[in-house]
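Please look through the sequence and the structure before reading the points below.

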Amino acid sequence: MGSPFLLQPSRSLTAEAMAAAGQSQDDLKRIAALRAVELVRSGMVLGLGTGSTAAHALDRIGDLLRGGDLRDIVGIPTSEWAAARAAAAGIPLTDLAAHPAVDLSIDGADEVDPALNLVKGRGGSLLREKMVEGASRRFVVIVDDSKLVPRLGGSGLAIPVEVIPFGWALTLRRLQNLFDGTPGFNLKLRTASINAKASAFTEKESEIEPFVTDNKNYIVDLFFEDGIHGDLQAISDDLLRITGVVEHGMFLGLATSVIVARKDGVVLMDKEAKSNGF
């Protein structure tokens, strides 16, 4: 079965394409991150992503600041983890109150569909990520090609929904009801001992220790055997109308461009390319 993506290498990525051949998955993440950091300019307000791919970008930005290649950069972290990693790299930090308009955000994604919609938040930082990246003039996503899916949820892994702890079981039942009758659908409260990639549903309720986000909320993970079918925006609206739901991990229409590192090269996907049959 062919890929739903028609990936066309950007001419500006020739060097990275040559370097990408035969690399490990982490090497591919690093290559994508370094390409994204080339877009950073002195004086920018940056959205600082969370996770293993974003870590490469944070470290590179810190290197450039220490070397004097970048100046007067401030960053808005999307998680407590990102704040600690950025501080260790020497990136000055700020917040959305001081800088409500962000010049550029760089972050990874858990899934990318052909329309450049994303699933994010399997690490638990979806709310802050969506706030920062939604305030950005440009949001560049960095991934390796394992993150490309034909539709959101198509990996069979979690689509996270952040919920308030009060009445979480009722919120979970309302989420279940929303997708009642959807073939292959399941959901579970994320626990501190089970990450978002887990598919087991065997814990006893008395043994549950919920995973807690930086915002002191819980996460309910939604699983779709064949991904989400239907109008994503309508589904987003339905999720957000459930009292107790804070935010979900579908990032619809927020990505300006996606840099995909593959073993045979690095590809730039953007809205212009998508509109030309990308």
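In this predicted model, helix α2 (residues 25-37) and helix α3 (residues 52-66) have axes that come within 8 Å and cross at roughly 50°. An angle of 65 to 115 degrees would count as roughly perpendicular and one under 35 degrees as roughly parallel; α2 and α3 are therefore oblique to each other.

**The α2 and α3 pair**
- The crossing in which α2 passes α3 is right-handed.
- On the α2 side, the residues in contact are D26, K29, R30, A33, L34 and V37.
- They meet S52, T53, H56, A57, R60, I61 and L64 of α3.
- Sorted by class, this contact has six nonpolar, three polar and four charged residues.

**Nonpolar cores**
- The largest nonpolar core has 28 residues, and V40, L46, I91, L104, I106 and I142 have the most contacts inside it.
- At least two residues of this core come from each of α2, β1 (45-48), α3, α4, β3, β6 (139-144) and β12 (257-262).
- The element that gives the most to this core is α2, with six residues.
- A second, separate core has 23 residues, among them L152, I159, F179 and L187.
- Leaving aside residues up to four places away in sequence, I142 touches residues including A32, A33, A36, A57, I106 and I259.

**Residue P100**
- P100 is in the loop between α4 (80-89) and β3 (104-107).
- Its relative accessible area is 59%, and over 50% counts as exposed, so P100 is exposed.
- P100 and V132 are 32 residues apart in sequence, and their C-alpha atoms are 8.7 Å apart in space.

Notes
Residues are numbered from 1 along each chain as its sequence is written. This is a predicted model: local features need pLDDT of at least 70, side-chain atom pairs count only at pLDDT 80 or more; totals for chains, interfaces and linings use all residues. Side-chain values use heavy atoms; hydrogens and water are left out. Helices (H or I, at least four residues) and strands (E, at least two) are DSSP runs, numbered from the N terminus. Buried means under 20% relative accessible area, exposed over 50%, partly exposed in between (1.4 Å probe, protein chains only). Axes are lines fitted to C-alpha atoms, for helices over the stretch in contact, and angles run from 0 to 180 degrees between N-to-C directions. Angles under 35 degrees count as roughly parallel, over 145 as roughly antiparallel, 65 to 115 as roughly perpendicular and the rest as oblique. A crossing is left-handed if the near helix is turned anticlockwise from the far one by less than a right angle, and right-handed if clockwise. Contact means heavy atoms within 4.5 Å. Ala, Val, Leu, Ile, Met, Phe, Trp, Tyr, Cys and Pro count as nonpolar, Asp, Glu, Lys and Arg as charged, and the others, Gly among them, as polar. A nonpolar core is a set of buried Ala, Val, Leu, Ile, Met, Phe, Trp, Tyr and Cys residues joined through side-chain atoms within 4.5 Å.
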